[in-house]
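Have the sequence and the model open while you read.

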Amino acid sequence: EIKEGANADEIKRLSDELKAQTVRISAELANRTDFDEIKRELKDEADRVAEIETVVAELKGKKGHHCSVNTGGRGTYTVQGPITFNPTKSLSSGPGDISSSTGQYTAARDGIYTLTYSLFAYNDAREKYVQVWMRKNEQQISGTKHWSHYTGPSGFVLDQGGRTMLVQLVKGDTVDVYCQDCSAWVGQISFCVSEE
C-alpha cells in the first residue's frame, strides 16, 4: 500500500511494475486456451491497474484547503451544537469541503491537517461563559477550548480568540467547531481546514 506523500520514485516504481505485469500476462496468454481463467486473470489485473491509477492520482492530486465564515450580524447563540456557516462565504480548493448546514469537514483522505478557528464573543454582565472548542468525530480536541466571560456589574465586553491545531485524520473523519454554550453570542466566526 502506498502512503500519502510518496515521491516521484515511488510513482515510477509502480509504473514499471505495471508495465512488467502487462508484458508477463501478454506472454502467458499467447500460449493458453482456457478463456474463462484468462478472463478472470484479466479482471484481477484490471482491478490492480485501477487501484494503482487511483493511488497515483491521489499522489499527484492537490491538497485540500477550505475555509468557511459566519460574518456580519449573523453570529450564533448556539448551545450544545456545532457552528454552521453561510454557504456564500466559503472557499474550497481540492478534495473535501466544509458543510454549511452541519459545519463539519469530512476528511477526503488520510493525513495531517491544520485546523484553525477564530471568533469574537460578546458578553453582557451576568451572562453565561462562552465555551467553544474543536471536535474530531464529535469528541473534543484537547487544547482547542476558548472561554469568555464578563464579571462586571454592568456593561459588556467583546473579546477575540481562537485556536490552531495539527490533527491526524483518516478518510471519513469529521471535524467541526462546537459551541458548548454560545448563548451570550459569538460572531465573525471562521473555520479553516488545510491538508499538510
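**Notes on the model**

1. Asp47 is partly exposed, at 42% relative accessibility; here buried means under 20% relative accessible area, exposed over 50%, and partly exposed in between (1.4 Å probe, protein chains only). Helices (H or I, at least four residues) and strands (E, at least two) are DSSP runs, numbered from the N terminus.

2. Before going on, a word on the source: this is a predicted model, where local features need pLDDT of at least 70 and side-chain atom pairs count only at pLDDT 80 or more, while totals for chains, interfaces and linings use all residues. Residues are numbered from 1 along each chain as its sequence is written, and side-chain values use heavy atoms, with hydrogens and water left out.

3. How many salt bridges are there by this rule? The count is seven. One of them links the side chains of Arg13 and Glu17, at 3.1 Å from N to O. These two are about one helical turn apart, because they lie four residues from each other in helix α1 (residues 8-30). Arg13 is partly exposed at 42%, and Glu17 is partly exposed too, at 22%.

4. Glu51 is partly exposed at 47% relative accessibility, and Arg48 is partly exposed at 28%. Salt bridges with shared partners join Arg13, Glu17, Arg48 and Glu51 into one network.

5. Now the core. The largest nonpolar core holds 25 residues, and Leu115, Val132, Val186, Phe191 and Val193 have the most contacts inside it. (A nonpolar core is a set of buried Ala, Val, Leu, Ile, Met, Phe, Trp, Tyr and Cys residues joined through side-chain atoms within 4.5 Å.) At least two residues come from each of β5 (111-124), β6 (130-136), β9 (156-169), β10 (174-181) and β11 (186-195). Which strand gives the most to this core? That is β5, with five residues.

6. Look at Val193 as well: leaving aside neighbours within four places in sequence, its contacts (heavy atoms within 4.5 Å) include Gly64, His66, Ile98, Tyr113, Leu115 and Val175.

7. For the sheet, follow β5. It runs antiparallel to β9, with 14 bridges joining them, and antiparallel to β11, with eight bridges; two strands pair if DSSP finds at least two bridges between them. Ser118 has a bridge partner on each of these strands: Gly162 in β9 and Ser190 in β11.

8. Last, the disulfides (pairs of cysteine sulfur atoms within 2.5 Å), of which there are two. Cys67 and Cys192 form one, with sulfurs 2.0 Å apart. Cys67 is in strand β1 (residues 65-70) and Cys192 in strand β11, so this pair ties together parts 125 residues apart in sequence. Cys67 is partly exposed at 27%, whereas Cys192 is buried at 19%. The other disulfide joins Cys179 to Cys182, S to S 2.1 Å, and both of these cysteines are buried. Its torsion about the S-S bond is about -85°, so this disulfide is left-handed.

Methods: A salt bridge is a side-chain nitrogen of Lys or Arg within 4 Å of a carboxyl oxygen of Asp or Glu.
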